[in-house]
Amino acid sequence: MRKAMLLLLGCLVLAFQLYAQDRVITGRVSDATGNPVVNASVLVKGSSVGTTTKADGSFSLTVPAGTKALIISSVGMAQEEVDITGKETVNVSMRGGENALQEVVVTGYTTTARNKSTVSASVVGAKDISNVPMTNVNDILQGKATGLTVMSTSGQPGSSSNIRIRGVGSISAGASPLYVIDGIIVERGQFVAGVISQNNDILSNMNPNDIESVTVLKDASALALYGARGGNGVIVINTKKGKAGTSKVNFVAQYGVTKPSVGNWGMMNAQQVYNYERDILKLNGYTDAFINGYMPASLLDKTYDWVDGAFVDGNVQSYDLSISGGNEKTRQFLSLGYYDQEGTVFNSGFKRMTVNLNVDHTVSNRLKVGASINTTYSNGLNADGGSFFSSPILATMTNSPLWLYPYKDDGSLFIGYEDEFSKGSGNNITGDNWLYSSPLNYSRQKQFRALGKLSGELKLTNWMALKQNLAIDIIYAREKAFFDPTTGNGINAADPTKSGEIIESMNNPITFTSQTSLSGNFRLKNNDRHEFGYLALMEYQRFNTTNIQADGIGIVDGGLQVLNVTGTPNAVSGGESEYAFLSYLGQVNYTLDSKYSFSASIRRDGSSRFGADNRYALFYSVGGSWKLIDESFMANQKFFDDLRLRASYGTSGVADFGNYVAQQLYAYGQTYDGAPGSAPSTPGNPALTWEKNKQTDIGLEFAILKNRLRGTFDVYRRISSELLQNVPVSRTTGFTTAQRNIGELENKGFEVSLSSTNVKSKSFNWTTDFNVSYNKNEVLKLYNHQDIAGGTLGRTREGQPLNSWFLPIWAGVNPNNGDPLWYLADGKTTTNSYAVASRTENRQFVGTSLPKYTFGLNNTLSYNALTLSFFFYAITGSKIYDQNMSFIDSDGLRYGWNYYKDADKNYWTTPGQQADRPKPVIGGNKNSASASTRWIESNDYIRLRNVTLSYSLPRNIIDRAKMTGARFFVSGVNLLTITNYKGVDPETSLAGNDVFKYPVNKSVTVGLDITF
Amino acid sequence: MKTGKYILITALAVGTLLAACDKQLELEPKDSQSTGQALSTMKGIDAAVVGMYANMRSASYYGRYLFMYGDLSSADVYLAKANSNRFIPTFQRSFAAVDADALGIWTAAYSTISRANNIINAVDNVSATQAEKDLAKGQSLFVRALAYFDLVRIFAKPYNQGGGSQLGVPIVTVTDISSTPARNTVAEVYTRIIDDLNQAKTLLSTTSKDTKVTASKYAASALLSRVYLYKEDYNNAITEANVVTAAGYSLVTPAQLPTFYSTVGTSEEIFTLKFVSTESLGSDNLGNMYLKPGYGDVRVSPDLVTVFDFGNDERYKNFIGPFTNSPLEFQNNKFKSQDGIQGLYSPKILRLSEVYLNRAEAYAKTSKDAQALTDLNAVRTQRGLAALSGITGAALVDSILTERRRELMFEGHRLFDLARNGLPVVRNYCNQPTEVSTPQCTYPAADPKLTAPIPQAEIDANPSLVGQQNPGY
């Protein structure tokens, strides 16, 4: 960023020489708290004449005659326009703000002045990212950038979310965006083994408070720069850097409580279960005498609320210390962070420690060097995944508060498999009492990541700089799963000497990156109207990962928790995998009269992943930007203060698939009679290649009402073709499928973001930021035009969006006998669920789990030292399958489990009754809970994602305490969710199947932010 | 000038880097080799042979399903009412073309064949001694024949229901990912099997009766005797059986019988697919379908129990008992454990008692009743039963088939032994409260439901099979 600013400055200086020198304006630029703003750009309005501010915020600029106003801008600040008519000195106070028209666009490879950029990008600044008590920056970005969809897969702290940019562009390859940190492509996703735990994301290791800005790149003009890996969009993260000027020491402490957010969902209490089950028995013809014998009132003497037990309140705390400063030659940023979040499911949590150092040094006027080291360590304790019998999450729905009581008469806990654990036979589904097993067993994930980067820049001429970046990304992802010998998951009844198990694993991915580039900006002559910029870059990236896993069984005592104590080595495995990319990138930019900008790029990517016949890929883009506001025909209009049109078209690719799928392979690892062996593993496809994306984007950026309302509007169409499909092959070949580049998808939509300064006065300010994104996804082509069957719930078909639900249609309850009914294709109804589900003509497409619209709305109100901001996030247009409900509201099928709180409302009891629910029958009423539209629900929701109230101490107190700033704040996350969805959480993963998900949490924290 | 030098240095540096990096794009996996490379040496071929056997351990094949299929489809066992939802269509004979179990065995058998094909086609080109090559090729031919035999008896009508001209299964001898073969006739498939086994017999000439967990020349003969029996070529069945009985194998004694099924390498075994303890399929072990804890879904039918002489038959005494926690039902104890692992079993695919019974049946059907009785009694007397005498003709065949039912119970033979003899599946113990209900209690030998459907997934991917589905699906 800094380098780019200097380059920009270079151009400005060149331009400066050609104007008549008329008068000198001096001034000082400060921020809201009065601190100097260093390196702010000061420009004569409507020209490229300008300068930047010095360490004390001061500037001096010679402006041509007739100059009426200056434009002041700085990263992370709202642009200011200052009237200088008749003035020689101006003092400008800038406000921090994330405006739509920030001054630069960072693509990772390049930094371009926004008003000349052809790129469509959303930028989220530090203000919106820091001090939100969430582990993963992805979750913090939800709703803050247009075109970006973030869907939580689990509320486990440290878990990953599904991230998509401008829809889903892949069927079987990865559809997640590429992540770039400080210009280097980094690994993302899960590296720990994940034995029975929730999912995990290495990005959770990054401290969001170290992030200066996140840029979401969406259009071809930016994505073509990333070639074969840019197709799914790119998230560019820039970390905080030191600024020249007075050293700043910043300390932020935050502490609060978290609670699970379970929405409208609830389970029955013991009394409700008691009444409901007695009514079912009665309805099924059991006599009162039997019912009283089987379910005496004494059952209610000892009951346990399994929901209450599983979900707990937790604490979250974080402490961040940073020191930044420097002078014109050397600037540094140091930070130290500690984050500790307890999960909202019993016995889970996440801790993280981070240490960072960024240094930039100007060696001479030709040479600059920089280094950054970003080290992080996290220690996660994972709740058992909801599909495991030992999971407290599962138990909230399966464990009857009436029939299962966790404690024995002597007060000790049942292990779970004892007959007496259940007060009646057959009511123990899980065979595991998590109250006993969860505190003993664990799945612990310790991850270390170091991102190191060294960069050098040698200025060869005024128009050419040679840059070299070397970076290394080292990840150590360990996991240890421990199963106590006395717990359900550890016990081996047949052979007690094999009870207890320890699984330890280690994954060690290392990525090396080298970037060598020549770049520059220049004009042919000093006073030329033509500005040029170019970049020629070569990038080499090599990834290697090794993993090892050891599994031992047979533990004498649960207190002994290392592999050495296990009696029997159960399994050992290890592997290694690699890929390499070699890429060449060229980009040219041309600007005429500061009004018309044009850019073109070309990238050639070679990858070890591609088939031998298709090893290299070529990508390109073209883009243009037209600054309409500077045209003479706009001179007389008063409506627009800024107006710019841009358009781009280009290609990019997706290469997010297995490292060796192109090769025909025999894999080793088979055994027979103690001998090692091999077997065919991949049929191979020498023509295998990247998936191709072509995207068109047209954007409009504008400002009206004296820059008080700024906005961006983008429309796009993205065609993804040659998508990898696992094409079924004749099984007589020994294979079931082969990967081929076949499918085609379309994503099209629009994005609007608006920023408004509603009230601006000395003591009261109110700003609003609003964004909406719309995306429509459609499958254009599949292999042989054949559907891809997606089991009982979904199906991929041409003409439909991806992630479509394809289900039998629920026809309600037969009023005569309480039977469940489904529609047949001819419109008649049937009670035969199998007949309906087994024939595709009876099933229909009933929506998709992909949202159509996503909204973000942020309001910030400040009154003197008080600031209140609240941020809403909303989605509409998606449907989710509430599989939980099909278990807990299943008309007697899961008799003996716990039940949905309203399962006892309006079920069929008498002929003629128009009931919502079929007659409950023990063991199930004709498969009434089988997959159908009965369990499809809209999950439209509005969520108060974040609300923060902060108070800055007055200047006089701060000065007396020798501080430069002090702020107290109270922050709430997910405090309010408005939805009709009946289940636990309307926010599901991309797959949209709500089943035993770890709920997201809500939190309230208080914090202190002081700067010296 | 100075600038020019910088640029030159840069260009040189970049050029060097480019040249150095380009090769880096050819990365080979660490746990795999290209197919050509993997099969280019004798060591590689031997590893592929290991992989071929390993494939047969799949739970969809000899690991579990093949041994369940023939019994669940007949009257010897039933599926308990409370079950884990496994194999219901097999028991009810109510397959849909999309049935996962039928697809599973089709896939596993063909993937075994593909592994064998790769070896057969590559082994002649490696440099090694002829003996080494013959051993690898002979084993592969045997395994390929076995897999085709399993496919043809499950997915096609018995040989005698059409004289071999009915549709069999596609014959594939070369791995080609784009191939879409149509079904060959049953006769063509049998010809392929017999050719492969005869070749295997020759190529495996160095093997002995002690070669038990890999294919031997005697395994080829033993399988041939069964194949000829299915084909009703009785003289050849006798000839091949003679080779085996003369080889020095011996039936285990009543004293050895209790540990017979938990021991690998007994005197009676001809070919056993070995599982070592680390290869346990866990809950998917064959025995766990019969045992609690375990799925315990499959119980022994009273229909089978009634054919035993309870007091004397060692097989009844050792292998059928009351069901755990349900003493009125019967439990199969053949596959209780191996190496201390519950339900683990190394399937004894070919063993001497079957060869005796193959030959007995072939003798009886060619009116050599005395020789038939001798073979039958050879088995009976080692199982605690008295020798039979004085029976002839149909009654003798009947006795031999009943003996076969007792001897090979739970080993996947019963459905095929009934069908090839034109006998119906008759379930007297049928639709009882303890068991899953079935649409029919009797299935005539020609009932189309006794032939499994060609899997729909195969037809979808292989246009040559459109219109070649078995009748009734």
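Modeller: What follows begins with the contact between the chains, moves along the strands there, and ends with some other details.

This is a predicted model, in which local features need pLDDT of at least 70 and side-chain atom pairs count only at pLDDT 80 or more, while totals for chains, interfaces and linings use all residues. Residues are numbered from 1 along each chain as its sequence is written, and chains are lettered from A, with ligands numbered from 1, in the order in which they are written.

The contact between the chains takes 54 residues from chain A and 56 residues from chain B (two residues are in contact if their C-beta atoms, placed from the backbone, lie within 7 Å). On the side of chain A that touches chain B, the elements giving two or more residues are β22 (442-461), β24 (501-523), β25 (530-553), β26 (568-592), β27 (596-607), β30 (665-672) and β31 (675-682). These names come from DSSP runs, numbered from the N terminus: strands are E runs of at least two residues, and helices are H or I runs of at least four. The largest share of that side, 8 residues, is supplied by β30(A). By type, the residues of the side of chain A that touches chain B divide into 25 nonpolar, 22 polar and 7 charged. Here Ala, Val, Leu, Ile, Met, Phe, Trp, Tyr, Cys and Pro count as nonpolar, Asp, Glu, Lys and Arg as charged, and the others, Gly among them, as polar.

β30(A) is also joined by 3 bridges to strand β1 (residues 32-34) of chain B, and these two strands run antiparallel. Two strands pair if DSSP finds at least two bridges between them. In this pairing, A:Ala667 is opposite B:Ser32 of β1(B).

Another contributor to the contact, β22(A), is joined to β21(A) by 15 bridges in the antiparallel sense. Along this pairing, A:Thr376 is opposite A:Arg449 of β22(A). β21(A) (residues 367-381) in turn pairs with β20(A) (residues 349-362), again antiparallel, over 14 bridges. There A:Met353 has A:Tyr377 of β21(A) opposite. β20(A) and β21(A) form a hairpin, with 4 residues between them.

A:Arg444 belongs to strand β22 of chain A. Is this residue buried, exposed or in between? A:Arg444 counts as partly exposed because it has 15 C-beta neighbours inside 10 Å. The cut-offs are these: a residue is buried if 20 or more other C-beta atoms lie within 10 Å of its own, exposed if 12 or fewer, and partly exposed in between, with C-beta atoms placed from the backbone. Leaving out residues up to four places away in sequence, A:Arg444 touches A:Gly380, A:Leu381 and A:Lys480. The C-alpha atoms of A:Arg444 and A:Glu479 are separated by 5.6 Å, although the two residues are 35 apart along the chain.

Some backbone details come next. Most residues other than glycine have a negative phi, and most peptide bonds are trans. A:Asn131 is not a glycine, yet has a positive phi of about 60°; A:Asn131 is in the loop between α2 (126-129) and α3 (137-141) of chain A. A:Asn131 is buried, with 23 other C-beta atoms within 10 Å. A:Leu705, also not a glycine, has a positive phi of about 55° and sits in the loop between β32 (691-704) and β33 (709-728) of chain A. A:Leu705 counts as exposed because it has 12 C-beta neighbours inside 10 Å. In chain B, the peptide bond from B:Lys292 to B:Pro293 is cis, with omega near -10°, and B:Pro293 is in the loop between β3 (269-272) and β4 (298-300).

3 bridges join β39(A) to β40(A) (residues 820-823), and A:Trp810 has A:Trp822 in β40(A) as its bridge partner.
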